[in-house]
Amino acid sequence: MALHQHRQPGTSFAGWRKVTSATTSSDSTTDELAAPLAVARIAATTRLLTSLTFLWAFGDKAFGWGYATPAGKGWIDGGSPTKGFLSHVAAGPLEGTFHAWAGAAWVDWAFMLGLLGIGLALASGVALRAAAAAGTVMMALMWAAEWPPARHLSDGSLSMSTNPLVDYHVLYAAVLVMLAVIGAGRVWGLGTVWRSLPLVRRNGWLL
């Protein structure tokens, strides 16, 4: 009698490995397809939240909504959106410069247009590179005005700085650059349409 063992269909280890490999590959492919979409949606959410930060600051300073800017003290009421902050700068090598700039019309206009422009760019998902560049400059100037490295203010009191290097201004700048680099305006925004415009395609800095 021949000692030959017949294997039942589907019990082959080689076949099992193939089936398992195919299943694993399918799951992996699904994960790879889902991950970029999830990341894109998280980036879009971050973009929209950041836009609200800039747009709220513009609205409060322009119209005096009673939060950081008291009612009746808004820009449209004749108030200055920069005088209060810059005139109270009390540390850093640019202290005198910021005091001289406080309340100047050109500074008010540059600051407010910057807030509005960056906020609208983030909200719509267009011109994120320009928004990142402008936002980084703005955050750098605000960082210099607060001057976190100082342990003491010019009057000798403690600065109460929580971190001498990395504060929220640095984080905002990093977020703006990240959103521009990954093209975060293409999900829940007009980024795709914007990128298709001939003018934008010819001028990469407009992306």
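Predicted model: local features only at pLDDT ≥ 70, side-chain atom pairs only at ≥ 80, totals over all residues.

Visitor: At what angle do the axes of helix H5 and helix H6 cross?

Guide: Helices (H or I, at least four residues) are DSSP runs numbered from the N terminus, and their axes are lines fitted to C-alpha atoms over the stretch in contact, with angles from 0 to 180 degrees between N-to-C directions. Here the axes of H5 (residues 128-146) and H6 (residues 168-181) come within 9 Å and cross at roughly 170°, and the two helices are therefore roughly antiparallel (over 145 degrees). The contact (heavy atoms within 4.5 Å) includes Leu128, Gly135 and Met139 of H5 and Tyr172, Leu176 and Ala180 of H6.

Visitor: How many aromatic pairs does a search of the whole structure find?

Guide: A pair of aromatic rings is described by the distance of the centres and the angle of the planes. Rings of Phe, Tyr and Trp (its six-membered ring) pair if their centres lie within 6.5 Å, and planes over 60 degrees apart count as edge-to-face. The search finds 9 such pairs. In one of them, Trp75 and Trp109 have ring centres 4.9 Å apart and planes at 70°, so the pair is edge-to-face. Trp75 lies in the loop between H1 (13-63) and H2 (83-87), and Trp109 in H4 (residues 105-124), 34 residues apart.

Visitor: What is the volume of the largest pocket, and which residues are closest to its centre?

Guide: Rolling a probe the size of a water molecule over the atoms shows where empty space is left. On a 1 Å grid over the protein atoms alone, a pocket is an open set of points with protein on both sides within 12 Å along at least five of seven lines, a cavity is a set where a 1.4 Å probe fits but cannot get out, and lining residues have an atom within 4 Å of a point. The largest pocket has a volume of about 750 Å³, and of its 30 lining residues the closest to the centre are Phe111, Leu115, Met138, Met139 and Met142. The second largest pocket has a volume of about 190 Å³, and its lining includes Trp147, Pro148 and Asp167.

Visitor: How many cavities of 30 Å³ or more are found?

Guide: The search finds 1, and about 80 Å³ of space lies in the largest cavity. Among its 13 lining residues, the closest to the centre are Gly125, Leu128, Gly183, Arg195 and Leu207, and helix H7 (residues 191-196) gives the largest share of the lining, 3 residues.

How values were computed:
Residues numbered from 1 in each chain as written. Heavy atoms only, no water. Parallel < 35°, antiparallel > 145°, perpendicular 65-115°, else oblique. Points joined across faces, edges and corners; volume = space filled by probe spheres on them. Phe/Tyr/Trp six-rings, centres within 6.5 Å; stacked < 30°, edge-to-face > 60°.
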